Amino acid sequence: MGRRVVCIWFQDLPAHRLIRKGTVSPEALFAVTREEKSAQRLYALSEAAYAKGLAQGMALADARAVAPDLITHAAEPEKDEALLRALHRWADRFSPLVATEAPESLYLDITGCAHLFGGEHGLVQAIHDDLERLQLPAQLGLADTKRAAMAVARFGCETVKGAHGIIPPGEGLRVLGAFPVNALMADEASLNGLKRLGLFTIEAVAALPRAGLARRFGVGLVRRLDELLGAAPDPVSAHTAQPPLAARMTLPDPIGLRDDVDEALKRLARQVCRRLEERGEGARVLKLMVERVDHSVCEESIGLAFATRDPEIILRQFDPVLSKLDAGCGFIRLRLSVSVGEPLSESQGALGPKREGPSVLAGVLSRIGNRVGFDRVTQYEPAQSHLPERSFRRIPIMRDPKSVGHWPSPPSPRPIVQFTPEPLRVYEPGRPPREFSWRYDTYTLHTAYGPERLTPEWWRADPAWGGARDYWRVQTCEGARLWLFHALSTAEPSGDARAWHVAGIFP
């Protein structure tokens, strides 16, 4: 028996993912964009966008000229790859040999599998019916080689019904001969060269001597032609689908008591953490799905400030969630899954008594984030600027802590507390003032260190910053250690007392 391969081509998979998720309407005029060749271009389109005359690869500016009301969404390659991996796991029910080809193709080696579905026609129809239930439009092709199956899926038919999309065994050249040369899926220069020579079909190219084709267009084109027609091997490089980081428990009898639910969740958390440890990863977001006796489903998610695979930390974060769950007549099924994970390496703990400093901090931040929202819990990271106000920025705590860059050492000491500069009132002038008031308190100068002159960034116009500033570290007789600066603005005299401000407090 010869080898048989099915290709499933998900045209515009990113767009269909957004439709399936409910982000946009199926009838909406929208497109997914990404940056290519220093320009934003259309990457995936809706049916309405195609009907409007838009096409993949079109510059966004040109698309706006054709369709001013076009809705755009930035490409999310990570989520698209995650969906393709999930489809890889789904395809295992049709064949044990499944391979993915980014960004939107699956290959199934169905040799010896078709009889389980009533033949090749039944298998193709089963795949098509499953995809309709998943609300993911796709085009299918079945042939002797991987490249021939892809050619049928992309250029052979619009829909897969009955025998459509199936090339009988050994009849590749007869069926594919009328296909356009684009079905070779070679580089653009080779395809344009073939068309300039008047070669518009696969049959016309296949009739030419291979040596002449190789001399003019390279060995790559000849190899693609032979793979398409079955003259060269084109195997499916299958790999095992990565199982999801999840654990499920189906109960013989309904449960509703809190202790029983806690024990079930504890077992699920241990299984999930064991799989996380095998992969060397940690969880950042977990989702708990519970099904009641009446088959109603409730889903709850929790986030973690830092990646972890400690079951106790996960259980503590689920504690307020479980207290709000309505068991009804009881739960019959629970599923715990990791929605977002990240690499987590082992670290050497301190010798001596066990210390839980980082774990306690992670638990506190996670509890606060789950209560008020992680978008309201932020941390600081360094920024590329020599100006104090711009030397840092806020980022969400849910970001990977390893992504926070190294804090560079400042050229001179910086205050532990910085704030928007506040003007002070000078009673006895000087550099810095010998007596002044700030926040309704009067201070007398004891010692001062400075000045440290900082100039504005010349490439950025900033009226709020003004001109150069002279910073001073001031020790007052009252005990306060302040960070003062004098604004050397051209709009004010250099000795103007209104130019003095307080920018921070030293410990």
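Predicted model: local features only at pLDDT ≥ 70, side-chain atom pairs only at ≥ 80, totals over all residues.
**Entry 1: strand β1**

I started with β1, residues 5-9, and looked up burial. 5 of the 5 residues there are buried, so the strand is largely enclosed by the rest of the structure. Next I checked which way the side chains go. In a regular strand the side chains alternate between the two faces of the sheet. Here Val5, Cys7 and Trp9 point one way, while Val6 and Ile8 point the other way, and all are buried.

Then I went through the neighbours of β1. With β7 (residues 139-143) the pairing is antiparallel, over 5 bridges. Ile8 has Leu140 of β7 opposite it. With β6 (residues 105-109) β1 also runs antiparallel, joined by 5 bridges. I picked out two partners on that side: Trp9 bridges to Ser105, and Val5 bridges to Asp109.

**Entry 2: the sheet around β1**

What is the order of the open sheet of 4 strands? I read it as β5-β6-β1-β7, with antiparallel pairing. The edges are β5 (97-101) and β7, each of which pairs on one side only. Ignoring direction, neighbouring strands are turned by 20° against each other on average.

Two helices that pack on this sheet went into my notes. Helix α5 (residues 120-133) touches β1, β6 and β7, and its direction makes about 160° with that of β7. Helix α6 (residues 146-155) touches β1, β5, β6 and β7, with its direction at about 145° to that of β7.

**Entry 3: the sheet of 3 strands**

I moved on to an open sheet of 3 strands, which has the order β3-β2-β4 and mixed pairing. Its edge strands are β3 (39-45) and β4 (71-74), each pairing on one side only. From one strand to the next the twist averages 45°.

For the parallel part I looked at β2 (residues 30-36) and β4, which pair in that sense over 4 bridges. Thr33 has Ala74 in β4 as its bridge partner. Helix α1 (residues 13-21) packs on this sheet and touches β2, β3 and β4; the angle between its direction and that of β2 is about 135°.

**Entry 4: α10 against α11**

How do α10 and α11 pack? I got an angle of about 135° for α10 (residues 210-217) and α11 (residues 219-229), with the axes 6 Å apart. That angle makes α10 oblique to α11. On the α10 side I listed Arg210, Leu213, Ala214 and Phe217; they meet Val219, Leu221, Val222, Leu225, Asp226 and Leu229 in α11.

**Entry 5: rings and charges**

I finished with the aromatics, where the count is 6 pairs. I looked up one of them, Phe419 with Trp438: the pair is stacked, 6.1 Å centre to centre and 15° between the planes. Phe419 is in β14 (residues 417-423) and Trp438 in β16 (residues 435-438), so I noted a pair linking distant parts of the chain, 19 residues apart.

Are Phe419 and Trp438 buried or exposed? Both are buried. Phe419 has a charge contact too: the charged end of Arg439 sits over its ring, 5.0 Å from the centre.

Elsewhere, Lys146 puts its charged end over the ring of Tyr107, 5.3 Å from the ring centre. I also jotted down an aromatic cluster formed by Trp90, Phe94 and Phe117.

Note on methods: Residues numbered from 1 in each chain as written. Heavy atoms only, no water. Phe/Tyr/Trp six-rings, centres within 6.5 Å; stacked < 30°, edge-to-face > 60°. Buried < 20%, exposed > 50% of the residue type's maximum accessible area, 1.4 Å probe, protein only. Lys NZ or Arg CZ within 6 Å of the ring centre and 35° of its normal. Pairing = 2+ DSSP bridges. Axes fitted to C-alpha atoms, helices over the stretch in contact; angles between N-to-C directions. Parallel < 35°, antiparallel > 145°, perpendicular 65-115°, else oblique. Contact = heavy atoms within 4.5 Å.
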